[in-house]
Amino acid sequence: MAICITFDTDHMSESNLTRWLDSQPIHGECTFFCGQVYDVLQTTRHEIAPHPFFATNLGQTEILKSYRDLFPDAVSWRSHSLVFSQSICVELQRLGYRNVSISERYADLDAQPIKLPWGPTDFGIYYMDNSDFCNFNEAKDENWKRFDRGMLVQLFETRRAQGEEYVYVFDFHPIHLALNTPSYDAYVSERYSYEANGQVSRMAAKRRGARTYFDELLELMRAHGVSSRSISDVSRTRRA
Ligand SMILES: [Zn+2]
């Protein structure tokens, strides 16, 4: 009940996202954080929410407003690179957002949404594919432990994933799932041919990468009868 699969659609064209969705059965309802409007998502059951990119010449208020205009009905919000501040939070509340997903709760078994003082509730991220399956530039602290299947299994064996108390938000990038990204270097060398013409390396299916964890999560969810829920759905039930 308490697994939220979310996607950040960075670098996905309309055609690549369409092809990827066709190839990827997803059980339940997910939340798609998007930097643009995708026609293919409009007819799905999934929640659609903005994924603003802040590194532009525009000011914060203009950026937030432009994404509100693109997604007038969205109630959830996650920025690219999890950019966030108190003043962003105040504006988000004014713009009518109820949920944000902007903090890392990596492998935190006690992950629960946290109501922020300025209104929205933060759905912290239990696992994010591009930061948690590898150690970019060896920049993580010495206690960092690479994500592995055991960390997924324990969610189900302890029955935490099946209960109501905890909410485990998974953040996947369709581009990493399509490429089955195993490392940052592989991503850099393979992303352009995928972005330009949807081409994926022949190695992708054979190696252990971002999609391996995604597949393992889906398999465990199926085995334990757990479907993904969107962030807005979980937030509605928790408020009720
Ligand atoms: Zn992003």
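A close look at helix α8

A: The buried residues of α8 pack against α7 (174-179), where contact requires that the C-beta atoms of two residues, placed from the backbone, lie within 7 Å. This is a predicted model, in which local features need pLDDT of at least 70, side-chain atom pairs count only at pLDDT 80 or more, and totals for chains, interfaces and linings use all residues. Residues are numbered from 1 along each chain as its sequence is written.

The buried positions in α8 are Tyr-187, Glu-190 and Tyr-194; a residue is called buried if 20 or more other C-beta atoms lie within 10 Å of its own. An α-helix has 3.6 residues a turn, so residues three or four places apart point the same way.

Helix α8 covers residues 184-197, 14 residues in total, and spans 20 Å from its first C-alpha to its last, close to the 20 Å expected at 1.5 Å a residue, the expectation being 1.5 Å times one less than the number of residues. Helices here are DSSP runs of H or I with at least four residues, numbered from the N terminus. At Glu-190, which is itself among the buried residues, α8 bends by about 40°, the bend being the angle between axes fitted to the seven residues ending there and the seven starting there. After the helix comes Gly-198, with a positive phi near 70°.

As for the setting, buried residues make up 38% of the 240 residues in the protein, and its C-alpha atoms fill a box of roughly 45 × 45 × 40 Å along the principal axes.

Conventions:
Helix = DSSP H or I, 4+ residues; strand = E, 2+ residues; numbered from the N terminus. Buried ≥ 20, exposed ≤ 12 C-beta atoms within 10 Å, placed from the backbone.
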